[in-house]
Amino acid sequence: MLPVEAIEEKPIAEETVAGRRGELPWKPLRRIACFFGVIVLLSFVMHAMVTSGLRHIKTSAFGAENQIMEGKVNAQIVIAGSSRALAHYDPRTIQMATGRTAFNLGRNGAQTDMQVAFLKAYLSHNRKPDIVLFNLDAFTFVTSREIFDPVEYMPYLYDHNLYDALRKINPGIWKSRYIPLYGYVVEDMNFSWVLGLKGFWGWSPREDYFLGFNPRSTRWTDEFERLKTNNPNGVRFEIEPAGIEIVEDLIHVCHERGIQLIFVYSPEYIEMQSLTKNRQEVFEHFHELSDRFNVPMWDYSNWKYAGNRDYFQNSQHLNATGAAVFSNYIGDRLKTYLAAESRVAGESRRLVPTTCFRGQGSTAASDLFFPTCP
């Protein structure tokens, strides 16, 4: 027979063991939840570090973008467009010629929709310029099929101009905005997140952007010969209604803000012009928009060095030597243009009366020459 104490303790012991058995399945789940919680927390921390680092880079492409998004540019003359704009216009030369501040907003691999979106972002964060030089391309009316190097926009997805334009091209861009590290892991083919981590600790890459201008030191390559071989019947660029609407939107944006817009077709290699089969049709649309909205158009298709390969990197892009020469042309032309505009403005002011008519009342004749005083 068991002692009374043993009989009394047995149910208590069994109850304790049963309680422990009931708790056991929850411990692994809590550990798993804690593990994933730590992973999520680290993801948010890492995402914040990379984004902050990219936003603090002072040089090169991200350095130029950071100046723009922080509202530190405020230039009087702005150049916008594709990589052709980026590589063709040296704002330093333009500043020296005109005496006005200048900055280059050109975008590598960007179609007109992203070019205009980036200009809108610039206008949201900086004072409006006096002049926008918008560089035209044979592919100006072709809209984006994909986002070229999307990580360039990752630190700035808070800007609605950029985010809305990117979302039209890639509806899944929301993942890069709201899921930590998604844009840097899935979309980042150039490992720019490494730059972000370095930038977080104060590092910046070698400077190769000068007031937004990115000169190309590469000399002529065989890229054009391959293009001709692969397209024996020439090439055609689509003229999309949506592309025309985007250019019209650009014109309206500048008009509403009182900005003088100037279309410029910067030099391209002469043989490329004959290779583009619908080039005349594209230019007809350029001229129609120019005439309809009274936008000046400066066409450098017949630039004196258009057939000289020493000035080109490839059929579409000038090298640094060509860009230096072309920027001198643009600077001098802008200087002349601004002087002419100044003379016209001065003549207009002289026609405006400096006194107003004070009398018993106004008449048609008095109102014509002397406006009624308020």
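Which residues is glycine 199 in contact with, leaving aside its neighbours within four places in sequence? The points below answer this and then turn to two further sites in this predicted model.

1. Glycine 199 lies in helix 10, which covers residues 192-200. Leaving aside neighbours within four places in sequence, glycine 199 is in contact with Gly53, His56 and Ile57.

2. Is glycine 199 buried or exposed? Its relative accessibility is 4%, and because buried means under 20% relative accessible area, glycine 199 counts as buried.

3. Arginine 279 belongs to helix 14, residues 279-293. With a relative accessible area of 13%, arginine 279 is also below the 20% limit and is therefore classed as buried. Not counting residues up to four places away in sequence, arginine 279 touches Tyr265, Glu268, Gln273 and Ser301. With serine 301 there is a further detail to record: a polar contact of 2.8 Å links the two side chains, that of arginine 279 and that of serine 301.

4. Tryptophan 26 is located in helix 2, which spans residues 26-55. Its relative accessible area is 53%, so tryptophan 26 is exposed, the cut-off for this class being over 50%.

5. Tryptophan 26 also takes part in a surface feature. Together with Leu29 and Ile32, Trp26 forms a nonpolar patch on the surface. The accessible area of Trp26, Leu29 and Ile32 together is about 340 Å².

Methods
Residues are numbered from 1 along each chain as its sequence is written. This is a predicted model: local features need pLDDT of at least 70, side-chain atom pairs count only at pLDDT 80 or more; totals for chains, interfaces and linings use all residues. Side-chain values use heavy atoms; hydrogens and water are left out. Patches are made of residues with over 30% relative accessible area and no salt bridge: like charges are joined within 9 Å, nonpolar side chains (Val, Leu, Ile, Met, Phe, Trp, Tyr) within 5 Å. Accessible areas come from the Shrake-Rupley method with a 1.4 Å probe; for residues, only the protein chains shown count as cover. A salt bridge is a side-chain nitrogen of Lys or Arg within 4 Å of a carboxyl oxygen of Asp or Glu. Helices (H or I, at least four residues) and strands (E, at least two) are DSSP runs, numbered from the N terminus. Buried means under 20% relative accessible area, exposed over 50%, partly exposed in between (1.4 Å probe, protein chains only). A polar contact is a pair of N or O atoms within 3.5 Å; within protein, one must be able to donate a hydrogen and the other to accept it, and residues adjacent in sequence count only if both atoms are side-chain atoms. Contact means heavy atoms within 4.5 Å.
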